[in-house]
Amino acid sequence: MAAIRWLRPAVLASRTLCGGEFILKQASTKLPLVTQVNKLRTVSNVATVLKRSAQHPNVQQEVVVDTDKAGEELTKYVIQQVNSQINENKHGRLFAVAFVQGKQHLVTTEDLVVVQGLFPPNIGDVIRLEKILAVGGRDFTLFGRPLLSKDLVNIEATVVEKTLSHCRVFHSYKRRENARRTKFGRQTHTMLRINRIEITHNIDEVQAVEGVDGRIF
C-alpha cells in the first residue's frame, strides 16, 4: 500500500486507487512534495513529482536534524549541570522514594515512616535504606532501573518506636447455620525517623570497590 508524506497542506479534489497506488489530483495551484512508496520499492515517478515541485517556490524542503548527536550533547550537558549542583551542594533539600517492607515511601529529612508488619531492628538502631527507587532535588530527579546504586545514595534512619496498631475486628457468619465468629487483631508497627539523605558522588562516576578478593557473586 502506498505511503504518502505531506510537507505542506493542500486541498485534494479526488483520491482513487489504481494498481495498489494512490493517484492524487490537486485542486489548487500549489503542488505539495509527495513521496510515494510501494511496499519496499520507491515508485519511479517520484523524480517527476520532485521536478514539478521545484517549479513552485512556495514549497519548502524539510531539513532533518541528526537526533542521535543532538541527544548525546543534551545528555552530557544535563549530567554536567547535575554534577555541578551535587559538588557545590546547591541541589536544595533532597527527597527519595524508598522501598521498605514491600511498600514504597516518599521521604525527606526528619520524616517519620511507619513500617507495618514484623521488622527486626530494635529501638535505637540506626539503619541504612538501600532499596532506593528515585532521589531528587530542586532541579533534577534521578530514577533507578529499577533501583539506584547503593554507593550513589545514602539514606540513614533511626528506629524510634515499636508498637501495635489499633484493634481491628474480623466478623464472619454463615446464614441459616447459627455460625458466627468474631476475631480481634493488632499488627506490629515500627516507626522510623529519616536522619539524612545524601548523594555521595557524581552520577556518571563509579567508585572503586575494595575487599572483594575471594568473594563469589
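This is a predicted model: local features need pLDDT of at least 70, side-chain atom pairs count only at pLDDT 80 or more; totals for chains, interfaces and linings use all residues.
User: In what order do the strands of the open sheet run, and is the pairing parallel or antiparallel?

Analyst: Strands of a sheet pair through backbone hydrogen bonds, either parallel or antiparallel. Here four strands make an open sheet, ordered β7-β6-β10-β11, with antiparallel pairing. β7 (103-108) and β11 (141-143) are the edge strands, each pairing on one side only. From one strand to the next, the twist averages 20°.

User: How many bridges join β10 and β11?

Analyst: Three bridges link β10 (residues 132-136) to β11 in the antiparallel sense. Within this sheet, V135 is placed opposite L142 of β11.

User: Which residues touch the most other members of the largest nonpolar core?

Analyst: In soluble globular proteins, nonpolar side chains tend to be buried together. The largest nonpolar core has 26 residues, and L129, I132, V135, I155, L192, I194 and I197 touch the most other members. Elements giving two or more residues to this core include α2 (67-88), β6 (95-100), β10 and β15 (188-199). Leaving aside residues up to four places away in sequence, I132 touches A96, V97, A98, P146, L147, L148, V153 and I155.

User: What kind of peptide bond joins R145 and P146?

Analyst: Most residues other than glycine have a negative phi, and most peptide bonds are trans. The bond between R145 and P146 is cis, with omega about 0°. P146 sits in the loop between β11 and β12.

User: Where is Q101 found, and what is its phi?

Analyst: Q101 belongs to the loop between β6 and β7. Its phi is positive, near 55°. The relative accessible area of Q101 is 41%, so this residue is partly exposed.

Terms used
Residues are numbered from 1 along each chain as its sequence is written. Side-chain values use heavy atoms; hydrogens and water are left out. Two strands pair if DSSP finds at least two bridges between them. Axes are lines fitted to C-alpha atoms, for helices over the stretch in contact, and angles run from 0 to 180 degrees between N-to-C directions. A nonpolar core is a set of buried Ala, Val, Leu, Ile, Met, Phe, Trp, Tyr and Cys residues joined through side-chain atoms within 4.5 Å. Buried means under 20% relative accessible area, exposed over 50%, partly exposed in between (1.4 Å probe, protein chains only). Contact means heavy atoms within 4.5 Å.
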